[in-house]
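Trainee: Please show me how to read this structure, one feature at a time.
Mentor: Gladly.

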Amino acid sequence: MGKIKILSADVANKIAAGEVVERPASVVKELIENAVDAGSTSIRVEIRAGGKRLIHVSDNGIGMEREDALLALERHATSKVDRIEDLECIQTFGFRGEALASIASVSQFELLTRTADALEGTKVSVDGGVFRSVQESGCSPGTHMSINNLFYNVPARLKFLKTDTTEMNHVTNQVTWAALAHPNIHFSLTHNGRSILDVRACDSHLERVRLLYGKEFAENLIEFTEDLPDLKVYGLLGKPEFTKPNREYQLFFLNQRPIRSRIIGAALTEALDAMVAKGRQPVALLFLTLEPETVDVNVHPAKIEVRFRNERTIYSGIVRILRNAVHKAKYIPKIETPTEPTQSEEDAETRDNSLSGRVSTPRHTPGTGQRQRATTPIAGTQRTHAPQVPTQETDGIEQAPETVDTSGAQAASTPTEIVIQPPQQEIPDGVNLSLLDFENVQLKTNLFKTYIVAEAEDKIFFIDQHVAAERVLYERFVNQMQADGIPVQGLLLPVTLEATPQQLSALKIHGDIFEKLGFDLEEFGGNTILIRAIPSPLPTRVAAQTVTDLLDKLPEAPHTDVQLPEAIDNALITLACKSAVKAGDTLDTKEMMNLIKELSEAKLPFNCPHSRPIIVEMGRDELERRFHR
């Protein structure tokens, strides 16, 4: 090991470049941020060979004078920070003063800039961190930077770059995110002379989304704004039927800066998990505004990750805001017929596309988060009934038992038996229903002993009685678990259950979970389990099946304190499913009205704990369209 020595400026810059300049997209991000800070209203990005050969970023901002242009290429030169205290209230996007020096050290760099009141501009050329020339030059007001042959002098970094297509996808993402964050700026992007993106300045984020992703995408978003004392959130949420298979369409912005945040991602999952089908992800563009001193944007060299001063407050605030937005927007799927656009609409769309240069959707997003189940409950009451039609259950989905024809050849000669179904229950006209905050809703009928039908002034609601009861019971159980526990009913005669060795093992490991749920189970020798008490809402007839299902679903290994809430939550979902009214159960008018009233008071009235929709809406106009009225 040699003696300690000071690194040369050239080596230091190249090391810094390794932190700031990961790939061509990193360069584009830094230069766009500088252009935004310069007050630009138009930013043009030109790329060749995925950014390996050329990155050219041009803006119409305030530009720089000769002295500032030279200083801008020195390491740690910045106009945005004077004191260490300034880092606590950063309101600009670039501030470290190392980006240009780092970029220039690993490329053939050219800077051309002019202020609006100057007669001539300044042109600075740097080759691998070495100044080659500084001269006066004519140019339009603003700043124009060209990065040629990125990493040409650092071959180890160059060989880690991916294909031109992959690198260009990353560049497109960066420009797209910047365009979303700053709808008041015109952005254009070309690759090898071909236009990739060209979006005019507009007045709103929703209009910018339409220009970037198209009319259909924008029309499937719910727009909301909500303020808390320390947090303001403007958001665009996908409608309940508008979901994606991954998180690529979950984009987070903080004070107009695209960010990654596990806190925001987890809050989004917490708020919407129960409303989105398993295996699907919600579409969400969230724009947060916070006071600069409450967040640290100086955590990561690329400024993509941030640290909140009070993470718990931010997390709970976002969950509350998202749930309020869902309730206000009435997150109910609609039955709609896709309509073919008229010729004039197609012409208009073609015009819009030619103006906007619609870009393909981003492949990667800055938003991340882990899935976790929403468990905020509200109490309620619910009666259950024995089904008059036998059903089989699979994860909360009722299926009619299969009927096997064993009559063989005699069937043809057997007279056909005519079965007269009992008449549908009659509901008096004018029975008002309390459904969420809709006005003038009337109960109309119950279809197939499964779907409660209600009518409003211009729409019809179909409510699945089983999943509605499942949601009500689940939230009640969670609420009871957090209070005094689920009420227990002792059985006069114990229910006997024959268990497998694996199920007996699970009972030994997870007996405490059954106690918390209100079960009193006793091993009676051999493979027999006696059920002496059950949760009071659970019908005795399904007690054995419920215990069996729980034993099969519990993990084979002992649970930890961290895993216990999830295990209990899954058990509560099963318990709610088994205790709820089933498809095929007959409900009278009062029972249907009570069920809908309790559903309307639930925290998450739109989906059952399995994420199946509870309410489906059909507009009167849709019904008339189907009858060609």
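Trainee: Which backbone oxygen lies 2.9 Å from a polar atom of the side chain of Lys582?
Mentor: A polar contact is a pair of N or O atoms within 3.5 Å; within protein, one must be able to donate a hydrogen and the other to accept it, and residues adjacent in sequence count only if both atoms are side-chain atoms. Here the backbone oxygen belongs to Lys578. This is a predicted model: local features need pLDDT of at least 70, side-chain atom pairs count only at pLDDT 80 or more, and totals for chains, interfaces and linings use all residues. Residues are numbered from 1 along each chain as its sequence is written, and side-chain values use heavy atoms, leaving out hydrogens and water.

Trainee: Where is the place of Lys582?
Mentor: Helices (H or I, at least four residues) and strands (E, at least two) are DSSP runs, numbered from the N terminus. Lys582 sits in the loop between helix H15 (563-579) and helix H16 (589-600).

Trainee: Is Lys582 buried or exposed?
Mentor: Buried means under 20% relative accessible area, exposed over 50%, partly exposed in between (1.4 Å probe, protein chains only). Lys582 has a relative accessible area of 1%, so it is buried.

Trainee: How many residues of H12 are buried?
Mentor: In H12, 15 of the 18 residues are buried, so this helix is largely enclosed by the rest of the structure. The expected span of a helix is 1.5 Å times one less than its number of residues. For H12 (residues 465-482) that gives 26 Å, and its end C-alpha atoms are 26 Å apart, which agrees. At the start of H12, a side-chain oxygen of Asp464 comes within 3.0 Å of the backbone nitrogen of His466.

Trainee: What is the bridge partner of Asp464 in strand pairing?
Mentor: Two strands pair if DSSP finds at least two bridges between them. Asp464, in S22, is the bridge partner of Tyr451. S21 and strand S22 (residues 459-464) pair in the antiparallel sense over five bridges. They form a hairpin with three residues between them. Tyr451 is also the bridge partner of Leu447. That belongs to the pairing of strand S20 (residues 442-447) with strand S21 (residues 451-455), antiparallel over five bridges. S20 and S21 form a hairpin with three residues between them, and Phe448 in the turn has a positive phi of about 55°.

Trainee: What is the strand order in the open sheet of five strands?
Mentor: The order is S9-S10-S15-S12-S13, with mixed pairing. Strand S9 (221-228) and strand S13 (257-259) are the edge strands, each pairing on one side only. Strand S12 (residues 250-254) pairs with S13 in the antiparallel sense over three bridges. Leu254 stands opposite Arg257 in S13.

Trainee: Which residues meet in a salt bridge at 2.9 Å, N to O?
Mentor: A salt bridge is a side-chain nitrogen of Lys or Arg within 4 Å of a carboxyl oxygen of Asp or Glu. The count here comes to 22 salt bridges. Arg23 and Glu167 form the one you ask about. The pair links distant parts of the chain, 144 residues apart. Arg23 and Glu167 are both buried.

Trainee: What does Lys508 form a salt bridge with?
Mentor: Its partner is Glu523, with the closest N and O atoms 3.3 Å apart. Lys508 lies in helix H13 (residues 501-517) and Glu523 in strand S24 (residues 520-523), so the pair ties together parts that are 15 residues apart in sequence. Lys508 counts as exposed at 59% relative accessibility, while Glu523 counts as partly exposed at 39%.
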